[in-house]
Amino acid sequence: GHQVLTTIVIVNYKAPELEKRCLASVRRYTSSAEYRLAVVDNSVENRPLAEIWDEEFDQAFASGSESAVLLNTDCFVTQNWLTWLKAVLVLDKEVGAVGPVTNACGNTFQLVDRVDPNGGILVNHPLSAFCMLIRAEAWRAVGGFPRGGPFYGQDTAFVYRLLSNGWKTAIVPRCFVTHLGSASLKAAEMRGEANMEGERRMGEEGYRRFTQRGAPAQDTADH
């Protein structure tokens, strides 16, 4: 039957090299029948993220998408990442937003070293927007992303809004997304330096530790 595409929203801010690598990982590890891309370059206008996210989600959901993903340019996805995330929305209609585990993130609940890779889905914890799948119905119900907050924190405010309106959040222990989000990387980006080998290796090391801790094989999604 006809499969509804999930829109992946990527906002680039002065990091073309990162964007290239991020997109390459999406194309490599996501079935093309599963998604459409919405890539926004915010380098010149530097508009508030919440404004861009709402605009892109509006378009995505108007075109029939039932869910959309926020994905940072400093992320590399892994095999079946989107399948794992979307499965949760199908399994539990009360989940409004879902995220992966990662190697680097301000939100400790999503750190791979704190999560049992064979454990169940973690419900009603904070989520970070480096990679977050959001249900259209939930986004509409809470009136989109809160405006006027600090650059960092719009995602937190949105998740709080979901939870306080009776929606659930979920973290999927078997879904891993590498996140480079470090201060040194941001500084290098601003200088226009694209040497990210160290950070990439750090992400790969995090993923290797994750898979060695008994995570199930990544290519056999539960159906």
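The following legends describe close-up views of a predicted model.

Residues are numbered from 1 along each chain as its sequence is written, and side-chain values rest on heavy atoms, with hydrogens and water left out. Because the model is predicted, local features need pLDDT of at least 70 and side-chain atom pairs count only at pLDDT 80 or more, whereas totals for chains, interfaces and linings use all residues.

**View 1. The protein as a whole has seven helices and nine strands.** Helices (H or I, at least four residues) and strands (E, at least two) are DSSP runs, numbered from the N terminus. Of the 223 residues, 51% count as buried, where buried means under 20% relative accessible area, exposed over 50%, and partly exposed in between (1.4 Å probe, protein chains only). The accessible surface comes to about 10,600 Å², and carbon and sulfur atoms hold 51% of that area; accessible areas come from the Shrake-Rupley method with a 1.4 Å probe, and for residues only the protein chains shown count as cover. Among contacts (heavy atoms within 4.5 Å) between residues at least 6 apart in sequence, 80% join residues at least 24 apart.

**View 2. Seven strands form an open sheet with mixed pairing.** The strand order is β2-β1-β3-β7-β5-β8-β6, and two strands pair if DSSP finds at least two bridges between them. β2 and β6 (122-123) stand at the edges with a single partner strand each, so one side of each is left without a neighbour in the sheet.

**View 3. Strands β1 (residues 6-12) and β2 (residues 35-41) run parallel and are joined by seven bridges.** In β2, V39 is the bridge partner of I10, and V40 is that of V11. Together with helix α1 (residues 16-29), the two strands make a right-handed β-α-β unit; a crossover is right-handed if, with the strands pointing away from the viewer, the path from the first strand over the helix to the second runs clockwise.

**View 4. Helices α1 and α3 lie across strands of the protein.** Helix α1 lies across β1, β2 and β3 (67-71), and runs at about 175 degrees to β2. Helix α3 (residues 81-91) lies across β1, β2, β3, β5 (95-101), β7 (131-135) and β8 (168-176), running at about 150 degrees to β8. Axes are lines fitted to C-alpha atoms, for helices over the stretch in contact, and angles run from 0 to 180 degrees between N-to-C directions.

**View 5. N12 is found in strand β1.** N12 counts as buried because its relative accessibility is 4%. Leaving aside residues up to four places away in sequence, N12 touches E19, V40, D41, N42, S43 and T73.

**View 6. N107 is placed in the loop between β5 and β6.** With a relative accessible area of 9%, N107 is buried. Its contacts, residues up to four places away in sequence not counted, are P126, L127 and S128. N107 and L127 are 20 residues apart in sequence, and their C-alpha atoms are 6.9 Å apart in space. The side chain of N107 also makes a polar contact with the side chain of Q110 (3.0 Å). A polar contact is a pair of N or O atoms within 3.5 Å; within protein, one must be able to donate a hydrogen and the other to accept it, and residues adjacent in sequence count only if both atoms are side-chain atoms.

**View 7. N80 has a positive phi of about 65 degrees although it is not a glycine.** N80 is placed in the loop between β4 (75-76) and α3. At 14% relative accessibility, N80 is buried.
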